[in-house]
Amino acid sequence: MTITVRFAPSPTGYIHIGNTRIALFNWLFALKNNGQFILRFDDTDTVRSKTEYAEATIADLDWLGIKPVRIEYQSKRIPIYDAAADRLKAAGVLYPCYETAEELERKRKLRLARRLPPIYGRDALKLTPADRQKLEAEGRRPHWRFLLPNFKDDPFSIARTEVHWDDLVRDRETVDLASLSDPVLVREDGTYLYTFTSVVDDIDMDISHIIRGNDHITNSGVQIAIIEALGAKVPELGHINLLTTASGEGISKRTGALSIGSLQRDGYEPMAVASLAVLIGTSENVTAVPDMATLADIFDPAATSKSASKFDPVELDALNRALIHAMPYAQAKDRLAALGIEGHRAEGFWLAVRGNLSRISDANRWWKIITEGPATDEQLAEEDREFVRAAFDLLPPEPWSRETWKLWTDAVKAQSGRKGKPLFMPLRIALTGLSSGPEFADLLPLLGREGTLARRP
């Protein structure tokens with residue numbers, strides 16, 4: 001059997017880290033099992049679904065390194081849903097209902113007042129063909145509900161009916177269908193709800209494993225019943241914990257907070273985002289994993305906690321720094337060139353400054369310091385000016401190497417008697433305009449003797 005998973009977002013906004021965590025779990029599961037990953041857009045909501053959101057989702061997943069084997073759109077698959085609905089109608093398990101939203105709410109309140117569970121009472125099953133004809137003559141159009149198999153002979157005598165599965169994440173799971181209303185699968189206007197289209201697509205696309213948020217556990221019980229009614233095999237199911245913000249709030253497309261696009265624009269590395277999104281809330285240590293193949297090796301859905309996990313950008317910053325500090329020049333080369341950092345000094349420059357960067361874009365400031373002159377953040381104290389001028393007279397002859405900085409400062413120390421911070425800090429400020437930064441053993445050869453002398457105060 002080929003392992004086949006899917007990620008099925010609705011293109012009604014830009015995907016955020018919570019959505020993307022689901023995609024990452026499925027992608028890594030496919031990688032780990034030599035399987036395939038399908039991106040499937042739930043775009044049957046024609047009012048809210050936008051092409052721009054679908055295109056952005058494709059781009060965001062690509063930025064993370066997620067490569068679908070194919071991309072599907074539910075809006076293009078309506079005939080397949082029509083055929084499946086007809087099969088359920090013919091089997092007598094998809095039945096028409098004519099209540100309005102207001103009427104359903106009144107019935108719900110009445111059941112609560114009678115201390116009954118607030119589920120749909122299946123009143124529509126009592127309608128005769130003449131009743132339905134009369135309601136439709138009045139202008140009513142039916143919505144269609146799936147008859148849950150939570151009874152023996154009489155659909156009005158509901159009995160406890162447990163659906164079980166061995167969850168990939170949560171071990172044994174159970175849903176009692178007797179506690180649920182028959183789900184609406186078809187709206188009055190004939191459009192289909194996700195509960196139905198998702199099942200039909202999973203069957204048609206031979207989805208072998210479904211990994212999604214634990215807010216779908218109850219929904220999974222219903223969908224198992226629909227899958228079995230259509231005579232198909234139930235995929236393996238896994239339900240992972242949800243992510244919240246650092247303050248514990250839910251993550252929503254509506255706010256745009258923690259969207260993948262915003263994290264990318266903020267300069268985070270894809271693997272920093274992927275590492276935190278996947279490893280947070282698991283038994284694994286949260287570390288900066290360098291690539292997807294390595295992350296797939298340590299990935300284990302069963303190691304995921306059952307409780308929600310907080311996605312904290314502070315942790316993301318730390319992972320980002322770790323990745324950049326270890327990043328080889330070949331990996332950073334093209335992005336540095338886009339910043340104008342190229343030429344014979346570019347590789348040595350990157351190796352010198354990367355340990356002081358939080359974002360690759362931060363390299364731009366240091367490149368300007370090296371090529372254009374010191375920053376203006378820090379100014380030499382007046383009492384240090386003569387010391388620095390005298391120090392510049394002791395610069396060693398070229399060629400320069402990593403040893404040049406020590407040779408120079410040893411000579412300055414011997415002549416001036418200064419040591420430690422009083423020796424090094426004035427030289428650093430004179431050369432860079434900053435009181436901290438990369439090792440001068442690496443920076444000085446980039447400046448060269450002429451470039452260094454040009455900074456003499």
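Start by selecting Ala 274, which is buried at a relative accessible area of 0% (buried means under 20%, exposed over 50%, partly exposed in between, with a 1.4 Å probe and protein chains only). What you have open is a predicted model, where local features need pLDDT of at least 70, side-chain atom pairs count only at pLDDT 80 or more, and totals for chains, interfaces and linings use all residues. Residues are numbered from 1 along each chain as its sequence is written, and side-chain values use heavy atoms, leaving out hydrogens and water.

Now show the helix around Ala 274: this is α9, residues 270-279 (helices are DSSP runs of H or I with at least four residues, strands are runs of E with at least two, numbered from the N terminus). Which residues does Ala 274 touch, leaving aside those up to four places away in sequence? Select Leu 24, Leu 64, Met 292 and Leu 295 to see them; contact here means heavy atoms within 4.5 Å.

Next, go to β1 (4-7). Thr 4 and Arg 6 point one way from this strand, Val 5 and Phe 7 point the other way, and all are buried. Pick Thr 4 and you will find Gln 36 as its bridge partner in β2. Follow the chain from β1 through α1 to β2 and you trace a right-handed β-α-β crossover: with the strands pointing away from the viewer, the path from the first strand over the helix to the second runs clockwise.

On the way, stop at Asn 34 in the loop between α1 and β2. Its phi is near 55 degrees, a positive value in a residue other than glycine, and Asn 34 is exposed at 70% relative accessibility.

Finally, jump to Glu 398 and Pro 399, where a cis peptide bond has omega of about 5 degrees. Pro 399 sits in the loop between α15 (382-392) and α16 (404-416).

Methods: Pairing = 2+ DSSP bridges.
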